[in-house]
Amino acid sequence: MTRERLYRTEAIVIRRSDIGEADRLLTIYTPGGKLRVAARGIRKTTSKLAGHLELFTWTQLLLARGRTFDVVAQSQTLRPFRQLRDDLERIGWAYYIAELLDKMTHEGDENRPLFSLLVETLTALDELDDSLLQDLVVRRFELYLLGLLGYRPHLYRCARCQEELTSESDRLSPQSGGMLCPRCAPMEPLALPVTLSAFKLIRFFQREPLTSVLQLRVRPEVLREVEILLQALIRPHLERDLKSLAFLQAVRS
Ligand SMILES: [Zn+2]
C-alpha cells in the first residue's frame with residue numbers, strides 16, 4: 001500500500017448496513033460531501049474499529065482508496081454524541097437528520113458548510129434536554145439544509161414577483177419556494193396559510209445564529225406550524241416519504 005492511497009477526513013456516520021460475514025458498509029458525511037466506505041472485519045470482536053463507527057459518531061478517519069469503495073484503515077472518535085442515544089425522541093431526531101441528509105445529497109458533492117451544520121446540530125441535540133429546544137434545532141437544520149443545497153426559501157422578497165414582503169404576507173408556496181406577496185397569493189390557490197408568528201420565526205431562523213435561536217420562547221403551536229411549512233418546502237425535493245418521520249410520529253404520539 002503506497003502513501004498516496006491513504007487520506008484523512010473527518011466524518012459523521014449517517015447510515016450503515018452489514019455486508020458479508022463481518023464487514024459493514026457505511027454512508028458517511030464529510031466536509032468533502034457524502035461517501036460510502038467499507039469497514040472490513042468491524043463486526044469481529046477483535047476488530048480495532050469495533051465501537052468507533054456507531055451511527056451519528058463524529059470521527060476522524062484514515063481511508064485507503066479502493067476499487068469500489070474506499071476502506072476504513074483507522075478511526076478515532078472525536079465525539080460519540082452519547083446523550084443522543086438516551087431517549088427515543090432524540091434518537092428519532094438524529095435518524096431523521098441523517099436520513100434527510102442522505103436523501104437530499106449526492107455522493108461526492110463537496111459542501112463544507114453543510115458538514116459544519118450537521119456537527120452543530122448533532123452537538124446541540126446531544127446537549128439539550130428540553131424537547132422544545134430540540135425541536136427548534138431540527139427546524140433550523142431543515143431551513144439551512146434547504147439553503148445550503150441551493151433551495152433557500154424566499155422569505156424577504158416574494159417568491160413570484162420579487163416584491164419586498166411585509167407583515168401582510170400570509171401565504172407560503174412550496175411550488176415557488178417561498179412566501180408570496182398579497183398580490184401574487186391568489187394566483188397560487190395551493191399555497192399554505194401562514195400566521196405572522198410563524199413567518200417571523202422562520203425569518204429569524206434564516207438570519208440569526210443558533211445561540212440566538214436557543215434564547216427564543218416559542219409557543220408549541222407556532223413551532224408545529226413551522227414544522228408543517230418546512231415539511232411542505234422539503235417534500236418537492238424528496239422522491240418518497242422518509243422512514244424516520246413515521247418513527248418520530250410514533251414516538252411523539
Ligand atoms: Zn408577488
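Biologist: Which residues of H3 are buried?

Modeller: A residue is buried if 20 or more other C-beta atoms lie within 10 Å of its own, exposed if 12 or fewer, and partly exposed in between, with C-beta atoms placed from the backbone. In H3, the buried residues are Asp-135, Leu-136, Val-137, Val-138, Arg-139, Arg-140, Phe-141, Glu-142, Leu-143, Tyr-144 and Leu-145. This is a predicted model, in which local features need pLDDT of at least 70 and side-chain atom pairs count only at pLDDT 80 or more, while totals for chains, interfaces and linings use all residues. Residues are numbered from 1 along each chain as its sequence is written.

Biologist: What do the buried residues of H3 pack against?

Modeller: Helices (H or I, at least four residues) and strands (E, at least two) are DSSP runs, numbered from the N terminus. Two residues are in contact if their C-beta atoms, placed from the backbone, lie within 7 Å. The buried residues of H3 pack against H1 (88-104), H2 (112-127), H4 (196-207), H5 (210-213) and H6 (220-234).

Biologist: What span should H3 have?

Modeller: The expected span of a helix is 1.5 Å times one less than its number of residues. The 18 residues of H3 (131-148) should therefore span 26 Å, and the end C-alpha atoms are 25 Å apart, which agrees. H2, with 16 residues, reaches 23 Å from its first C-alpha to its last, close to the expected 22 Å.

Biologist: At what angle do H3 and H6 pack?

Modeller: Axes are lines fitted to C-alpha atoms, for helices over the stretch in contact, and angles run from 0 to 180 degrees between N-to-C directions. Angles under 35 degrees count as roughly parallel, over 145 as roughly antiparallel, 65 to 115 as roughly perpendicular and the rest as oblique. H3 and H6 pack at about 25°, with axes 10 Å apart, and are therefore roughly parallel to each other. Among the residues that meet are Leu-132, Asp-135 and Leu-136 in H3 and Pro-220, Leu-223 and Val-226 in H6. The residues of this contact divide into ten nonpolar, no polar and four charged; here Ala, Val, Leu, Ile, Met, Phe, Trp, Tyr, Cys and Pro count as nonpolar, Asp, Glu, Lys and Arg as charged, and the others, Gly among them, as polar.

Biologist: How are H1 and H3 arranged?

Modeller: H1 and H3 pack at an angle of about 0°, with their axes 11 Å apart, and are therefore roughly parallel to each other. Their contact is made by residues including Trp-93, Ile-97 and Leu-100 of H1 and Val-138, Phe-141 and Leu-145 of H3. By class, the contact of H1 with H3 has seven nonpolar, two polar and two charged residues.

Biologist: Which residue with a positive phi follows H3?

Modeller: Most residues other than glycine have a negative phi. H3 is followed by Gly-150, whose phi is positive, near 95°. Phe-56 has a positive phi of about 70° although it is not a glycine; Phe-56 is found in the loop between S3 (33-39) and S4 (58-64). With 23 C-beta neighbours inside 10 Å, Phe-56 counts as buried. Phi of Phe-81 is near 50°, a positive value in a residue other than glycine. Phe-81 is found in the loop between S5 (70-79) and H1, and counts as buried because 22 C-beta neighbours lie inside 10 Å.
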